[in-house]
Amino acid sequence: MNAKITATAHNTPKNIMTNHDLEKIVDTSDEWIRSRTGIEKRHIVSEDEASSDISTRIALSLLKEKNILADEIDLIIVGTVTPDHYTPSTAALVQKNIGATNAWGFDLSAACSGFLYGLETGANFISTGKYEKIMVIGVDTMTSILDFKDRDTCVIFGDGGGGVILEPTTKESGIIDSILHMDGSGGDYLIVPGGGSRIPATIKSVNERKHYIKQDGKTVYKYAVKGMADVSEKILSKNNLSGDDIALFIPHQANKRIIDAAAERCGIVEDKVLINIDKYGNTTAGTIPIALNEAVNENRINDGDLILLAAFGAGFTWGSILIRWESI
Ligand code: COA
């Protein structure tokens, strides 16, 4: 039994931070950020907003879109590296906020691959035949771990997320293939060193800014291009497809240059590549479901279309998922 996507939604906080706003905070420029990353602005949370607030809005939109009640949801999976708390999970907060009285759920930590890991996990629960309606959300409040004194990181991330409802299909459609990878030896290149059990939060660790995300941008860039391109090529050849067969490529939005390089390697032409990094920056687990919902709203996806998703992120984690779209 395959899993198909029967509803999509996304949500981003109201506040917008432009590159020009960042120029006033760190030594950077609109020109540098645009030319090196493709980003023009990003949405950021207000002081009283966290990942569960964004996720709850996404979950409510999904219920509305499907016109179902919350108690019909069996399972809630939230891909995030910026949960409101270590515990309870963001999934538990969403369950409470929407009143999903018959659901269980959990958070899943795979950074920028969080939504793809979540989709794979949800699809496998559907394939057991035991679950009928699963919510998969990818969300991140990156500003909660951003050091606005570190121009290597603070210019590239934003806040937001999106989600889907998965349901079974008896057709040869929906999520038809997936390849996921992990290589923990890349862990130190993109890391939040403090605040966990290795370096628990102390006045010293906070003063040393260890609770912020750090990256070796050049190394991450190199692995991201290779990881996303290799895995996308692999899933195409495994399914006897070429880039021409893909109706829409929805890659993780980390850097426009990474996306362009991966699309070129796979032979996917520019107008079949969804790029919205200019508006949102890198929202980590949020990028792919935000882009997917925009594509659906803009009627860029039709019944029977082959959609390729690909991501690369901290861990390292990466992967691709192939969907044959089945209109509801
Ligand atoms: N504003 C202005 N200048 C900056 C800057 C900023 N925010 N950050 C770096 N620079 C400067 C550097 O100091 C360097 O100056 P120099 O040439 O005088 O030494 C120059 O710009 C080039 O820096 P470099 O680090 O080589 O830039 P880059 O082309 O590699 O781009 C990233 C930097 C971070 C945009 C790029 O490496 C990247 O996207 N990496 C992947 C990051 C990522 O995707 N992380 C999330 C993973 S999912």
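## Basis and burial

A residue is called buried when its relative accessible area is under 20%, exposed when it is over 50%, and partly exposed in between, with a 1.4 Å probe and protein chains only. By this criterion Y131 is buried, because its relative accessible area is 12%.

The model is predicted, so local features need pLDDT of at least 70 and side-chain atom pairs count only at pLDDT 80 or more, while totals for chains, interfaces and linings use all residues. Residues are numbered from 1 along each chain as its sequence is written, and side-chain values use heavy atoms, with hydrogens and water left out.

## Aromatic pairs

Rings of Phe, Tyr and Trp (for Trp, its six-membered ring) are paired if their centres lie within 6.5 Å, and the planes count as stacked when under 30 degrees apart, as edge-to-face when over 60, and as tilted for the rest. The structure holds nine aromatic pairs.

Another of the pairs joins F312 and W318, which are tilted at 35° between the planes and lie 5.8 Å apart, centre to centre. Both F312 and W318 are buried, and they belong to one aromatic cluster together with Y189, Y223 and F316.

## Helix α5

Helices (H or I, at least four residues) and strands (E, at least two) are DSSP runs, numbered from the N terminus. Helix α5 covers residues 114–127, and at 1.5 Å a residue its 14 residues should span 20 Å, which agrees with the 20 Å between its end C-alpha atoms; the expected span is 1.5 Å times one less than the number of residues.

Among the buried residues of α5 are G114, F115, L116 and Y117, as well as G122, A123 and I126. Just after α5, G129 takes a positive phi of about 85°.

The 16 residues of α3 should span 22 Å at 1.5 Å a residue, and the end C-alpha atoms are 23 Å apart, which agrees. The buried residues of α3 include I54, I58, A59, L62 and L63, and what covers the buried residues of α3 includes β1, β4, α4, β6 and β7. After α3 comes N67, with a positive phi near 60°.

Helix α3 (residues 51–66) packs on helix α4 (residues 90–98) at an angle of about 50°, with their axes 9 Å apart; axes are lines fitted to C-alpha atoms, for helices over the stretch in contact, and angles run from 0 to 180 degrees between N-to-C directions. The two helices, α3 and α4, are therefore oblique to each other, since angles under 35 degrees count as roughly parallel, over 145 as roughly antiparallel, 65 to 115 as roughly perpendicular and the rest as oblique. The crossing of α3 and α4 is right-handed, a term for the near helix being turned clockwise from the far one by less than a right angle, with anticlockwise giving left-handed. Contact, meaning heavy atoms within 4.5 Å, is made by residues including S55, A59 and L63 of α3 and L93, V94 and N97 of α4.

## Helices α8 and α9

Helix α8 (residues 217–238) and helix α9 (residues 256–266) pack at about 30°, with their axes 9 Å apart. That angle makes α8 roughly parallel to α9. The crossing of α8 and α9 is right-handed, and among the residues that make the contact are Y221, V225 and M228 of α8 and I258, A261 and R265 of α9.
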